[in-house]
Amino acid sequence: MGWTPPKPFEWNHCGTCGAPLRPAHDGERERPWCRDCNRFYYSNPVPACCVLVEDGAGGLLFVRRAVEPALGRWSLPGGFMEAGERAGECVARELEEETGLIAESCRILGTGAGHNALSGHVLVLGFIVEHWRGTPHAGSDALDLAFLNRDARPEVPFTAHRELLACYDALRGRAAAGD
Ligand SMILES: [Zn+2]
């Protein structure tokens, strides 16, 4: 059974009054605009977090996805931020939901950018979790999980995750070289 992604998201009608939107220039670029409400509609990237959990022996935690997109593929744990949530809270929540682990602390690694049919443009905040407790087990969004060393690392399906893994390798590579 194939998965059909939804049609790409576009603003066509005003969310307040329902009128059709027309392109107008907001001083920066042309965007969908409601004349009656004098409101511009923006297509901003959606913020998400992803977590690079270390096992202290050179491995990172990967989860096999139980949800689309990329169902069945290995990726880093993570997910979309909820309204009102802080990034660290999102990291802790997603990590516990997917792996059962409790993050003791986390620190920002960097950012990645991606795009998919479900969410449009995505801004991914990458966090390193060095200290955690609990026993890893696959949660609701995961089929399986494993700590994998760099030479056993799977090819992850998301551009943003690949960018963050490169960022991580650059950071840890320098640390190992003693720079
Ligand atoms: Zn309107």
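This section describes the fold, the core and selected local features of a predicted model.

The chain contains 2 helices and 12 strands. Read from the N terminus, the elements follow the order β-β-β-β-β-β-β-α-β-β-β-β-β-α. The C-alpha trace spans about 60 × 45 × 30 Å along its principal axes. The chain has 179 residues, of which 26% count as buried. Among contacts with a separation of 6 or more, 64% join residues 24 or more positions apart.

Confidence was examined next. Mean pLDDT over the chain is 93, and 96% of the residues reach 70 or more. Among the elements, strand β11 (residues 132-133) has the highest mean pLDDT, at 98. Helix α2 (residues 159-177) has the lowest, at 88.

The domain assignment divides the chain into domain 1 (8-43) and domain 2 (46-177). Their centres, taken over C-alpha atoms, are separated by 34 Å.

An open sheet of 3 strands has the order β1-β2-β3, and its pairing is antiparallel. β1 (22-25) and β3 (39-40) form the edges. Each has a single partner strand, so one side of each lacks a neighbour in the sheet. β1 and β2 pair over 4 bridges. Within this pairing, Ala24 has Arg31 of β2 as its bridge partner. The hairpin of β1 and β2 has 4 residues between the strands. In that hairpin, Gly27 adopts a positive phi near 100°. Strand β2 (residues 30-34) pairs with β3 over 2 bridges, again in the antiparallel sense. The loop between β2 and β3 holds Asn38. Its phi is near 50°, a positive value in a residue other than glycine. Asn38 is exposed, because 8 other C-beta atoms lie within 10 Å, and a residue with 12 or fewer counts as exposed.

The largest nonpolar core comprises 32 residues. Cys49, Val51, Leu52, Val53, Val91, Phe127 and Val129 touch the most other members. Two or more residues each come from β4 (46-53), β5 (60-65), α1 (87-99), β10 (120-129), β12 (142-148) and α2. β4 gives the most to this core, with 6 residues.

Helix α1 has 13 residues. The distance from its first C-alpha to its last is 18 Å, close to the 18 Å expected at 1.5 Å a residue. Its buried residues are Cys90, Val91, Ala92, Glu94, Leu95, Glu98 and Thr99. The elements covering these buried residues include β4, β5, β7 (78-80), β8 (102-103), β10 and β12. Gly100 follows α1 and has a positive phi, near 80°.

Most residues other than glycine have a negative phi, and most peptide bonds are trans. Glu68 and Pro69 are joined by a cis peptide bond, with omega about 0°. Pro69 is located in the loop between β5 and β6 (74-75). Ala70 is also found in the loop between β5 and β6. Phi of Ala70 is positive, near 65°, in a residue other than glycine. Ala70 counts as partly exposed, because it has 15 C-beta neighbours inside 10 Å.

A further loop position is Asn149, between β12 and α2. Asn149 counts as exposed because it has 11 C-beta neighbours inside 10 Å. Asn149 and Gly59 lie 90 residues apart in sequence, yet their C-alpha atoms are 4.2 Å apart in space. With neighbours within four places in sequence left aside, Asn149 is in contact with Gly58 and Gly59.

Notes:
Residues numbered from 1 in each chain as written. Predicted model: local features only at pLDDT ≥ 70, side-chain atom pairs only at ≥ 80, totals over all residues. Buried ≥ 20, exposed ≤ 12 C-beta atoms within 10 Å, placed from the backbone. Contact = placed C-beta atoms within 7 Å. Domains from an automatic or database assignment. pLDDT = per-residue confidence, 0-100. Core = buried A, V, L, I, M, F, W, Y, C linked by C-beta atoms within 7 Å. Pairing = 2+ DSSP bridges. Expected span 1.5 Å × (residues − 1).
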